Amino acid sequence: MGGPDMLIKAMRALAMTAAGAWLGGLTLIAVVAQSTFVTMRTTGVARPDAISGQVMAPTFVRFEWMQGIFAGTILLWASSRLFSASRTRRDLVRMGMIVAAAGLLGYASQVLTPKIVQLQPLLRSQTPEGEIKKQFDEFHSASVQSSMILIVLVLALCLEMAWPRCEVNAIGLRQNGQTQ
């Protein structure tokens, strides 16, 4: 009952949990960020976007660390599948999705977010039409787009991981050892 098979099942369950938590976190951050900016604009404070940015920037930095943990957990499990004797084309496709998601996360956390955080203090002292605002808007737009792509990638990954393994043999379609 135990042994290597139980370890493989535990690793898969942990990877699936990490993928679900990653997707849930991405969705929550998208809702919270949007709500923060919309709500702050109704408060009557001066420069509501700058204040919202101050509130959200540390949240994004912390969440990117969590995303890295989620991605690493999934990558570890997927790597173990790649090196197993029973690896399939599906394992290669899954690894491609994980590498793409992790690469996009790396770009966001190492390039986009640090630049946004660096520009925010300067943005508060600029007029809304200044050069710094233009740079900030470009980095912010790229960050939002990368987050949307990341949500789609992680959703596809969650679906792929949850989809049962199917094999076709001479007898017919089999799913997890059961004839369909």
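A residue is called buried under 20% relative accessible area, exposed over 50%, and partly exposed in between (1.4 Å probe, protein chains only). By this criterion, 31% of the 180 residues of the chain count as buried. The model is predicted: local features need pLDDT of at least 70, side-chain atom pairs count only at pLDDT 80 or more, and totals for chains, interfaces and linings use all residues. Residues are numbered from 1 along each chain as its sequence is written, and side-chain values use heavy atoms, with hydrogens and water left out.

The chain contains four helices and three strands. Both are DSSP runs numbered from the N terminus, with helices (H or I) of at least four residues and strands (E) of at least two. Along the sequence the order is α-α-α-α-β-β-β. Contact means heavy atoms within 4.5 Å. Of the contacts in the chain with a separation of 6 or more, 67% join residues 24 or more positions apart.

Helix H1 covers residues 4-41. The expected span of a helix is 1.5 Å times one less than its number of residues. Buried positions of H1 include Ala15, Ala18, Ala19, Trp22, Leu23, Gly25 and Leu26. Further along, Ile29, Ala33, Thr36, Phe37 and Met40 are also buried. The cover over these residues includes H2, H3 and H4. Leu14 also lies in H1. Leu14 counts as exposed because its relative accessibility is 52%. Its C-alpha atom is 8.5 Å from that of Trp77, 63 residues away along the chain.

Helix H4 spans residues 131-162. Among the buried residues of H4 are Ile132, Phe136, Ser143, Ser146, Leu150 and Leu153. Val154, Leu157, Cys158, Glu160 and Met161 are buried as well. The buried residues of H4 pack against H1, H2 and H3.

Helix pairs were compared by their axes, which are lines fitted to C-alpha atoms, for helices over the stretch in contact; angles run from 0 to 180 degrees between N-to-C directions. Angles under 35 degrees count as roughly parallel, over 145 as roughly antiparallel, 65 to 115 as roughly perpendicular and the rest as oblique. A crossing is left-handed if the near helix is turned anticlockwise from the far one by less than a right angle, and right-handed if clockwise.

The axes of H1 and H4 come within 9 Å and cross at roughly 150 degrees. H1 is therefore roughly antiparallel to H4. The crossing is left-handed. On the H1 side, the contact includes Arg12, Ala15, Met16 and Trp22. On the H4 side, it includes Leu150, Ile151, Val154 and Cys158. By class, this contact has 13 nonpolar residues, one polar and one charged. Here Ala, Val, Leu, Ile, Met, Phe, Trp, Tyr, Cys and Pro count as nonpolar, Asp, Glu, Lys and Arg as charged, and the others, Gly among them, as polar.

H2 (residues 48-82) and H3 (residues 89-124) pack at about 160 degrees, with axes 9 Å apart. The two are therefore roughly antiparallel. Their crossing is left-handed. The contact of H2 with H3 comprises 16 nonpolar, eight polar and five charged residues.

H3 and H4 pack at an angle of about 155 degrees, again with axes 9 Å apart. H3 and H4 are therefore roughly antiparallel. H3 passes H4 in a left-handed crossing. Their contact has 22 nonpolar, five polar and five charged residues.
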